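Let's walk through a structure together, one feature at a time. Bring your questions as we go.

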Amino acid sequence: LKRFQISAHILSHDIRLSSTIKTVVALDQAPAEKEAEELLQPVITLVMTRNLGEGCFYDIDSVEVRELSQVN
């Protein structure tokens, strides 16, 4: 498995949130954009809940996937 960092920009006008979110996952290959967005969902839920925006609308853009270097 390889480690990938997935990051994106999240924007919610309802709670005045504009932030970068990210997570690290271990996969066989780099995820497609749709899969990357799905893998970010737990982070999105956490950020929205923490900012009292549970159930509010939000947009995700600038999704990036980057393979992390191996540590020997």
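Q: What should I know about the model before I start?
A: This is a predicted model, where local features need pLDDT of at least 70, side-chain atom pairs count only at pLDDT 80 or more, and totals for chains, interfaces and linings use all residues. Residues are numbered from 1 along each chain as its sequence is written, and side-chain values use heavy atoms, with hydrogens and water left out.

Q: How many helices and strands are in the chain, and in what pattern along the sequence?
A: Helices (H or I, at least four residues) and strands (E, at least two) are DSSP runs, numbered from the N terminus. Here there are one helix and three strands, and reading along the sequence gives β-β-α-β. The C-alpha atoms fill a box of roughly 45 × 20 × 15 Å along the principal axes.

Q: What share of contacts joins residues at least 24 apart?
A: Contact means heavy atoms within 4.5 Å. Among contacts between residues at least 6 apart in sequence, 61% join residues at least 24 apart.

Q: Is S7 buried or exposed?
A: Relative accessible area decides: buried is under 20%, exposed is over 50%, and partly exposed is in between (1.4 Å probe, protein chains only). S7 counts as buried because its relative accessible area is 12%. This residue lies in strand β1 and, leaving aside neighbours within four places in sequence, is in contact with I21, K22, L40, S62, V63 and E64.

Q: And where does E35 lie, and how does its accessible area class it?
A: E35 lies in helix α1. With a relative accessible area of 35%, E35 is therefore partly exposed. Across the chain, 31% of the 72 residues count as buried.

Q: Which residues have the most contacts inside the largest nonpolar core?
A: A nonpolar core is a set of buried Ala, Val, Leu, Ile, Met, Phe, Trp, Tyr and Cys residues joined through side-chain atoms within 4.5 Å. The largest one here has 15 residues, and I6, I10, I21, L40 and I44 have the most contacts inside it. At least two residues of this core come from each of β1 (2–12), β2 (17–27) and α1 (33–50). The largest share, six residues, is supplied by α1.

Q: Which residues is I44 in contact with, beyond its neighbours within four places in sequence?
A: I44 is in contact with I10, I21, Y58 and I60.
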